[in-house]
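Please look over the sequence and the structure before reading on.

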Amino acid sequence: MNRPDEIDDSSAPLIEHLAELRSRLIWSALAFIGAMIICYTVWQPIYNFLTQPICHALAERGQSCQLQIIKLQEGFFTAINISFFGGFVLAFPIIGYQLWRFVAPGLYRSEKAAFMPFLLASPVMFLIGASFAYYVILPMAYDFFLSFQQAPVVATSDEVTTTGNVAGIAFQGSMQEYLGLTQKFLLAFGLSFQLPVALTLMGKAGLASAAGLASMRKYAIVGILVLAALVTPPDVISQVVLFTVIYGLYEVSIQLVRRIEKKREAELRAQGLWVEDDDDEDEAKP
């Protein structure tokens with residue numbers, strides 16, 4: 001009978017590991033291709049959903065929502081782009097499961113139990129981050145970008161209307177360019193919301209400590225400010241919103257790592273393996 005902390009499967013020859021990797025990659029590729037085909041058949045509803053932020057911003061200005069096909073093949077490549085993006089999102093749970101099935105035999109049961117919550121939390125946090133970008137950041141960003149439009153100057157004299165010397169500025173965006181910009185926002189915020197997952201996993205593995213993360217606050221603040229300046233339009237509101245959210249996630253990460261450390265300490269104390277360190281109390285202070 002296996003002990004609770006034993007590896008489930010015995011060691012296998014290298015050729016068997018390579019065959020297993022090949023099988024997992026094939027299943028992942030098939031899942032991605034199948035999801036991509038499904039997304040291609042419904043690319044227009046997906047595109048219509050992704051264009052809601054810009055259409056809403058244009059409607060508030062009394063403008064019609066119509067993006068342009070600048071190149072003849074642009075519509076086709078936009079559909080392919082949506083298929084790739086949507087296919088990866090749909091297939092990600094299957095790809096993650098295949099990755100898990102490949103590495104799981106080499107993990108102890110305690111390691112499996114520790115890693116599984118992070119595997120489940122990662123797509124959830126990505127979805128939350130992408131939703132935050134779609135419903136909060138994109139409306140503010142596109143409203144800011146559209147604010148640079150201007151109507152042409154019109155002069156009226158003796159009941160004759162003439163256009164002045166100031167040219168109008170009107171948005172006539174490319175559908176492919178708009179889609180690329182929207183996807184960048186969604187990916188940037190989805191990945192940014194992985195911060196608690198990554199830091200907590202590092203704390204679980206002993207690669208990061210709550211005291212260490214707390215001592216790095218000033219550097220984290222600078223890094224988050226730079227990130228906010230890069231991925232948001234240059235207006236104060238959206239930058240402050242992003243900074244507040246990401247920094248809040250950083251503080252949540254510190255608390256999660258601290259809970260992990262307290263739980264580990266309690267387990268070691270119960271086993272009589274805990275060794276007191278005179279510097280522990282000083283390091284634990286934020």
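## Terms and basis

Helices (H or I, at least four residues) and strands (E, at least two) are DSSP runs, numbered from the N terminus. Glu60, for example, is found in helix α3, which covers residues 52–60.

This is a predicted model, in which local features need pLDDT of at least 70 and side-chain atom pairs count only at pLDDT 80 or more, while totals for chains, interfaces and linings use all residues. Residues are numbered from 1 along each chain as its sequence is written, and side-chain values use heavy atoms, with hydrogens and water left out.

## Overall composition

The protein chain holds eleven helices and two strands. Read from the N terminus, its elements follow the order α-α-α-α-α-β-β-α-α-α-α-α-α. Of the 286 residues in the protein chain, 31% are buried, a term that means under 20% relative accessible area, with exposed standing for over 50% and partly exposed for values in between (1.4 Å probe, protein chains only).

## Regions listed in UniProt

An unreviewed UniProt entry lists residues 25–43, 76–97, 118–137, 185–207 and 219–250 under "transmembrane region". The positions are given in the numbering used here, feature names are shortened, and such annotations may be inferred rather than shown by experiment.

Two of these spans can be described further. Residues 76–97 are 100% helix and 0% strand, with end C-alpha atoms 32 Å apart. Residues 185–207 are 78% helix and 0% strand, and the end C-alpha atoms of that span lie 30 Å apart.

Helix α4 comprises residues 74–103. Its 30 residues should span 44 Å at 1.5 Å a residue, and the end C-alpha atoms of α4 are 41 Å apart, which agrees; the expected span is 1.5 Å times one less than the number of residues. Shortly before the proline Pro93, α4 has a kink of about 50 degrees at Phe92, where the bend is the angle between axes fitted to the seven residues ending there and the seven starting there.

The buried residues of α4 include Thr78, Ala79, Ile82, Ser83, Gly86, Gly87 and Trp100. Gly75, also in α4, counts as buried because its relative accessible area is 15%. The C-alpha atom of Gly75 is separated by 10.0 Å from that of Ser174, a residue 99 positions away along the chain.

## Contact between α1 and α4

The axes of helix α1 (residues 14–41) and helix α4 come within 7 Å and cross at roughly 145 degrees. Here axes are lines fitted to C-alpha atoms, for helices over the stretch in contact, and angles run from 0 to 180 degrees between N-to-C directions. The contact of α1 with α4 has 19 nonpolar, six polar and three charged residues. In this grouping Ala, Val, Leu, Ile, Met, Phe, Trp, Tyr, Cys and Pro count as nonpolar, Asp, Glu, Lys and Arg as charged, and the others, Gly among them, as polar.

Glu20 lies in α1 and counts as partly exposed, at 29% relative accessibility. Glu20 and Phe102 are 82 residues apart in sequence, yet their C-alpha atoms are 7.1 Å apart in space.

Helix α7 covers residues 195–204, and its buried residues are Pro196, Val197, Leu199, Thr200 and Gly203. Gly203 has a relative accessible area of 0% and is therefore buried. Just after α7, Gly206 takes a positive phi of about 80 degrees.

Helix α10 (residues 236–271) has 36 residues and reaches 53 Å from its first C-alpha to its last, close to the 52 Å expected at 1.5 Å a residue. Among the buried residues of α10 are Ser238, Leu242, Ile246, Leu249 and Arg258. The C-alpha atoms of Arg258 and Gly203 are separated by 8.4 Å, although the two residues are 55 apart along the chain.

Is Glu60 buried or exposed? Glu60 is exposed, because its relative accessible area is 56%. Glu60 lies 9.2 Å from Asp143, C-alpha to C-alpha, with the two residues 83 apart in sequence.
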